[in-house]
Amino acid sequence: MREEIAGPEVERYLVELSAEQHRSDVLDEMEARAERDGFPIVGPAVGRFLEAAARAVGARRVMELGSGFGYSAYWFARAVGSDGEVICTDGSADNARDAEGYLSRAGAWGRVAYRVGDALAGMASTDGDFDVVYCDVDKDGYPECFRAAADRLLVGGAYLCDNTLWRGMAATGEPDNRHPGWVEAIREHNRLVAADPRFVSQIVPIRDGVMFAVKTAA
Ligand SMILES: C[S@@+](CC[C@H](N)C(=O)[O-])C[C@H]1O[C@@H](n2cnc3c(N)ncnc32)[C@H](O)[C@@H]1O
């Protein structure tokens with residue numbers, strides 16, 4: 001499934017630009033594996049944006065809800081630096097094992113803690129505040145993820161969330177018959193974020209739409 005809101009030419013251009021500064025063998029491997037298995041990673045254009053957004057808020061501690069085999073965590077690990085921390089969550093122990101392999105080879109595993117199980121339970125069992133919470137779980141969970149994340153973020157931090165346009169269906173309201181309830185949940189989520197007086201937010205229409213919400217008040 002392709003999720004390129006801006007169209008393939010624009011998306012290709014953004015991917016090319018994102019490669020100007022950074023590529024690595026491990027990224028190549030992860031992208032090839034995602035392509036081969038049809039695994040939904042964010043890809044390099046969004047990855048680069050996540051790194052930039054995390055750096056913009058000076059993130060040292062990132063909480064990921066839905067980490068897969070560690071592709072988006074790779075970009076956050078770059079942003080937080082060698083003394084930073086990325087806490088990953090995923091329901092699949094296989095994904096956790098694969099993430100350890102990739103991120104170890106990338107020299108980033110030392111700054112990663114990976115919790116297997118429900119993402120919100122993983123966040124609840126992690127002490128402290130976060131500079132960034134990034135959400136990429138199954139889309140029916142989005143409203144609950146934002147509610148939980150909003151309280152755990154430091155003022156000055158950011159909430160980021162992938163797939164908030166859902167191939168444009170979030171804008172049109174057209175239902176996704178393959179995933180009943182997901183469009184409605186994404187729309188509820190987007191409204192919640194947009195209306196929350198603690199946040200200044202907008203959806204950036206890279207690939208499938210990335211929510212970027214800066215927390216400006218407690
Ligand atoms: C879209 S993929 C994540 C991709 C990853 N963020 C990346 O770009 O590299 C979603 C992942 O979240 C996991 N997942 C979905 N819902 C979850 C939940 N409620 N709790 C924990 N993991 C969940 C799935 O197993 C899957 O690996």
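Valine 62 is placed opposite valine 86 of strand E2, and methionine 63 faces isoleucine 87 of E2. Strands E1 (residues 61-65) and E2 run parallel and are joined by 3 bridges; two strands are taken to pair if DSSP finds at least two bridges between them. Strands (E, at least two residues) and helices (H or I, at least four) are DSSP runs numbered from the N terminus. The model is a predicted one, in which local features need pLDDT of at least 70 and side-chain atom pairs count only at pLDDT 80 or more, whereas totals for chains, interfaces and linings use all residues. Residues are numbered from 1 along each chain as its sequence is written.

Strand E2 is mostly covered, 6 of its 6 residues being buried. A residue is classed as buried if 20 or more other C-beta atoms lie within 10 Å of its own, as exposed if 12 or fewer do, and as partly exposed in between, with C-beta atoms placed from the backbone. In a regular strand the side chains alternate between the two faces of the sheet. In E2, Glu85, Ile87 and Thr89 point one way, while Val86, Cys88 and Asp90 point the other way, and all are buried.

The strands form an open sheet of 7 strands with mixed pairing, in the order E3-E2-E1-E4-E5-E7-E6. Strand E3 (112-116) and strand E6 (199-204) stand at the edges and have a single partner strand each, so one side of each lacks a neighbour in the sheet. From one strand to the next, the twist averages 15 degrees. E6 pairs with strand E7 (residues 210-215) in the antiparallel sense over 6 bridges, and glutamine 202 has phenylalanine 212 in E7 as its bridge partner. The hairpin of E6 and E7 has 5 residues between the strands, and arginine 207 in this hairpin takes a positive phi near 50 degrees.

Helix H4 lies across E1, E2, E3 and strand E4 (130-135), and runs at about 165 degrees to E2. Such angles run from 0 to 180 degrees between N-to-C directions, the axes being lines fitted to C-alpha atoms, for helices over the stretch in contact.

The shell around the ligand holds 19 residues, of which Gly66, Gly68, Tyr71, Ala119 and Val137 come nearest. Helix H4 (71-80) and strand E2 (85-90) are the elements that give two or more residues to this shell. A residue is near a molecule or strand if its C-beta atom, placed from the backbone, lies within 6 Å of it. By class, the shell comprises 6 nonpolar, 9 polar and 4 charged residues.

The protein chain contains 9 helices and 7 strands. Buried residues account for 44% of the 218 residues in the protein chain.

Two exposed positions lie outside the sheet. Glutamate 35 belongs to helix H2 (residues 25-37) and counts as exposed because it has 11 C-beta neighbours inside 10 Å. Glycine 128 occupies the loop between helix H6 (119-124) and E4 and is likewise exposed, with 10 other C-beta atoms within 10 Å. The C-alpha atoms of glycine 128 and leucine 153 are separated by 9.3 Å, at 25 residues apart along the chain.

Technical notes:
Ala, Val, Leu, Ile, Met, Phe, Trp, Tyr, Cys and Pro count as nonpolar, Asp, Glu, Lys and Arg as charged, and the others, Gly among them, as polar. Two residues are in contact if their C-beta atoms, placed from the backbone, lie within 7 Å.
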